[in-house]
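Hi,

Here is the structure I promised to pass on.

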Amino acid sequence: MKLSVIGCGYLGAVHAASMAELGHEVVGIDVDADKIALLSAGKAPFFEPGLPEVLTSALASGRLRFSTELADAAGSEVHFVAVGTPQTRGSYAADLTYVDAAVDGLVPFLAEGDLVVGKSTVPVGTAERLAAKLAGTGASLAWNPEFLREGFAVKDTISPDRLVYGVPDGAAGERAKAQLDGVYAKALAEDTPLVVADYATAELVKVSANAFLATKISFINAMAEIAEVSGADVTKLADALGHDVRIGRRFLNAGVGFGGGCLPKDIRAFTARAEELGRGESVAFLKEVDAINLRRRDRVVDLVVDALGGQVHGRRVAVLGIAFKPNSDDVRDSPALDVAVRLHGLGASVASHDPEAMPNARRLHPQLGFAASADDALRGAEVAVLVTEWNEYRELTPEHAKELMAGTTIVDGRNVLDRDAWRAAGFHHVGLGRG
Ligand code: UDX
């Protein structure tokens, strides 16, 4: 099928390349000429395992091209809208400027029978409003939320764990479903579960999934707070809870909390939208989820300050990790970066390291100290704090750290180090929620 993908950020670039890899003829469109130049040359504008390979192979097949012109969407049958919906400055609400601009911009290039498919995460009610913009074009609208995780984006796009279509009633809905079935023929042939619903349900699936995941993480982090004052060990608690299949062990890792381009902004936008709809109380708990999450960052900073006996100024601290999670160079709302910035703000001599995220962090916070390697960060540090659980840091041994560091305190902000081994080697190992 001929597809266009409007917006070539995280979601759109991966979607365009993956759809071409699946055999569709795809044009990816973005207003950012630098990004389009990179993508056209087969280079991913951000770190995502597997994306460069899929880009190269799809470009070589001739089925994938990129453009800065919305006019190049003309001739495609299905148009995916994959632009960002960031948090509005000074408010919790999602900023829909880019979504509106994409749909308005597409209208002159739509033909009878085309399908516009929203993939961006939007407040419930947006699809219905956007559908009205297509009146008179002969095109219709579907909402098809995307659940990809950074670090697994290509796999999640090619083999999603479920597909959700939000379609209009009647014949237009049936036609939209058939078109989307064509797009996702391979996944459907592999028995990927499919839920066909109305617009509002499809929009809500995405935000409620992220709200649930955020709540699960903040739940275990709340238990970590209780563990800290009661002497319990939250990692063992999570293991025991996780054996209950109704609860499950995934997303029960207590630590410095969640960040990234989705979970934090999505729970805030959900709160704002529920308030607009007069149902703020229904998701008021998400404010608490957000507050618990942000308190964990304070806690990590406090643990470092305590380890330094309250005297932070000029003291060298190694911060291992900057990205919001491993296998990503994304620093949006990153707890790790936040911890580094706060320690710097308190006067510490911060040596930050991340295998992939340093260029992005340096652009935003050039004042921070960056180390060329984890060893360089650790060299001479009085305290080390692990805030993104890259394998490279998980594999760090206390013996090696001891050779490099000036002090013997490690704050394990992700609870991934073997506490007993670090303690046996003479380290003061401080976990989160571990008594
Ligand atoms: C998330 C959703 O998982 C995905 O379905 C949606 O499409 C986009 O948002 P992503 O932002 O890539 O994906 O990250 P995810 O893997 O969900 O992790 C989010 C944050 O939670 C990270 O900062 C991670 O470190 C943190 N986290 C995750 C925990 O603190 N504890 C856990 O147990 C799991």
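**Around the ligand**

A polar backbone atom of Phe147 sits 2.8 Å from an oxygen atom of the ligand. The ligand taken alone exposes 670 Å², and the protein buries 92% of that (accessible areas are from the Shrake-Rupley method with a 1.4 Å probe, and for residues only the protein chains shown count as cover).

Before going on, a word on the ground rules. This is a predicted model, so local features need pLDDT of at least 70 and side-chain atom pairs count only at pLDDT 80 or more, while totals for chains, interfaces and linings use all residues. Residues are numbered from 1 along each chain as its sequence is written, and side-chain values use heavy atoms, with hydrogens and water left out.

Back to the ligand: there are 20 residues around it, and Phe147, Leu148, Glu150, Asn253 and Phe324 come nearest (near means that a heavy atom of the residue lies within 4 Å). By class, that shell has 10 nonpolar, four polar and six charged residues (Ala, Val, Leu, Ile, Met, Phe, Trp, Tyr, Cys and Pro count as nonpolar, Asp, Glu, Lys and Arg as charged, and the others, Gly among them, as polar). Helix 9 supplies the largest share of the shell, four residues (helices are DSSP runs of H or I with at least four residues, strands are E runs of at least two, and both are numbered from the N terminus).

**Salt bridges**

I got 31 salt bridges in the structure (a side-chain nitrogen of Lys or Arg within 4 Å of a carboxyl oxygen of Asp or Glu).

- Lys177 and Asp181 meet at 2.7 Å, N to O. The two are four residues apart in helix 7 (residues 170-183), so about one helical turn separates them. Lys177 is partly exposed at 30% relative accessibility, and Asp181 is also partly exposed, at 22% (buried is under 20% relative accessible area, exposed over 50%, partly exposed in between, with a 1.4 Å probe and protein chains only).
- Arg299 pairs with Glu228, with the closest N and O atoms 3.0 Å apart. This pair links distant parts of the chain, 71 residues apart: Arg299 is in helix 12 (residues 285-307) and Glu228 in helix 9 (residues 199-230). Arg299 is partly exposed at 28%, whereas Glu228 is buried at 17%.
- Asp233 and Arg419 form a bridge whose closest N and O atoms are 3.4 Å apart. Asp233 lies in the loop between helix 9 and helix 10 (234-242) and Arg419 in helix 18 (residues 419-424), so the bridge ties together parts 186 residues apart in sequence. Both Asp233 and Arg419 are buried.
- Arg268, Asp290, Arg297, Asp298, Asp333, Asp338 and Arg342 are linked in a network of salt bridges.

**Two other spots**

Ser140 belongs to strand 6 (residues 140-143) and is buried, with a relative accessible area of 18%. Neighbours within four places in sequence aside, Ser140 is in contact with Asp114, Leu115, Val116, Leu134 and Ala172 (contact means heavy atoms within 4.5 Å).

Pro52 is in helix 3 (residues 51-61) and is partly exposed at 34%. Not counting residues up to four places away in sequence, Pro52 touches Gly42 and Ala44.

Cheers

Definitions and conventions:
Polar contact = N/O pair within 3.5 Å; in protein donor to acceptor, adjacent residues only side chain to side chain.
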